[in-house]
Amino acid sequence: MSLPFSKSQITRLGERLVRANEPSDEDLTSLSQLLLAYDDMLVSAVEAVRNLGFDPTSRVKNTGTILEKLARHGGSWLKSIQDLAGMRIVLDGDRAAQDEAVRVIAEAFSSAEREPKLMDRRSQPSQGYRAVHVIVYPDGIPVEIQVRTEWQHEWADMFEKLADLIGRGIRYGEPPTHWWDAVAHVAEGKTPKQVTTFREIYDAAYRWHEALAKSAVALSDLIDALEEAEASGLSKDADEVVELWDDVRTDLAEFRERMSGMTPVSDRGDLGSVGS
């Protein structure tokens with residue numbers, strides 16, 4: 001199985017998609033053909049991983065996500081992307097089980113034309129995100145396999161939902177989206193005092209979003225410290241460890257409760273809907 005385009009063709013496609021205000025139908029069709037090829041490869045890779053005893057979920061990135069990433073990384077990114085096709089394994093186990101799963105998966109794909117590549121995001125986290133990624137190359141096409149512990153997955157799922165609410169850029173270390181400029185036109189006709197009041201409310205909500213993002217990353221650091229301590233031999237039954245894990249459960253539950261009442265930044269359209 002091979003891709004329908006050469007690397008240079010994929011690069012040019014990515015560059016055209018970046019430059020265009022509205023992608024052409026022809027380029028969108030080419031992108032769809034590329035995604036279909038990745039999807040076919042992903043099906044066979046998922047089957048191979050299932051045969052190893054794992055239960056992965058899988059996906060090929062959708063057009064919207066790809067266009068967003070192209071805008072962030074540039075057109076040449078399309079030819080070198082490693083996670084266009086990917087799957088995720090959430091383990092009912094600790095770091096030892098994670099390390100063993102990574103070893104088994106890498107060994108299973110070691111006979112491909114390219115050796116599997118490991119990206120240990122436990123030691124190099126990205127804004128709190130931790131997992132081990134195994135990039136495998138069946139037929140030379142990269143497929144990313146995310147291997148997460150249950151706690152890593154719980155946190156990542158929460159943070160992804162938080163990003164949808166306060167700004168996708170927090171996943172890359174950017175501040176939350178400040179929506180004042182998007183709705184400032186509604187201030188037309190208001191008195192200066194009214195505008196100042198609204199701006200203060202918006203700024204206060206924005207500072208709260210900043211605090212949420214920082215707290216979420218700190219919670220990930222706590223989860224990692226506990227998992228690392230357990231991997232080093234600290235008893236899971238120790239009273240202080242049990243208490244800390246209880247704190248983690250409570251914090252995750254509180255994050256989800258707060259988010260349930262929040263309005264996504266993208267849905268805010270007037271000065272009256274300051275909400276959370």
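Modeller: Two strands pair if DSSP finds at least two bridges between them; strands (E, at least two residues) and helices (H or I, at least four) are DSSP runs, numbered from the N terminus. Here β2 and β5 pair in the parallel sense over six bridges, and Met87 stands opposite Ile145 in β5. The model is predicted: local features need pLDDT of at least 70, and side-chain atom pairs count only at pLDDT 80 or more, whereas totals for chains, interfaces and linings use all residues. Residues are numbered from 1 along each chain as its sequence is written, and side-chain values use heavy atoms, with hydrogens and water left out.

Colleague: In which sense do β4 and β5 run, and how many bridges join them?

Modeller: Strands β4 (residues 132-136) and β5 (residues 143-149) run antiparallel and are joined by five bridges. One of the pairs links Ile135 to Glu144 in β5. Six residues lie between the strands of this hairpin, where Asp139 takes a positive phi near 55°.

Colleague: What is the order of the strands in the open sheet?

Modeller: The order is β1-β2-β5-β4-β3, five strands with mixed pairing. At the edges stand β1 (57-60) and β3 (117-120); each has a single partner strand, so one side of each is left without a neighbour in the sheet.

Colleague: Is β5 buried or exposed?

Modeller: Buried means under 20% relative accessible area, exposed over 50%, and partly exposed in between (1.4 Å probe, protein chains only). Seven of the seven residues of β5 are buried, so this strand is largely enclosed by the rest of the structure. Both faces are covered: Val143, Ile145, Val147 and Thr149 lie on one side, with Glu144, Gln146 and Arg148 on the other.

Colleague: How are two packed helices described?

Modeller: They are described by the angle between their axes and the distance between the axes. Axes are lines fitted to C-alpha atoms, for helices over the stretch in contact, and angles run from 0 to 180 degrees between N-to-C directions. For α6 (residues 150-166) and α9 (residues 239-260), the axes come within 10 Å and cross at roughly 25°. That makes α6 roughly parallel to α9 (angles under 35 degrees count as roughly parallel, over 145 as roughly antiparallel, 65 to 115 as roughly perpendicular and the rest as oblique).

Colleague: Which residues of α6 and α9 meet?

Modeller: Contact means heavy atoms within 4.5 Å. Among the residues that meet are Trp151, Trp155 and Leu162 in α6, and Trp245, Leu252 and Phe255 in α9.
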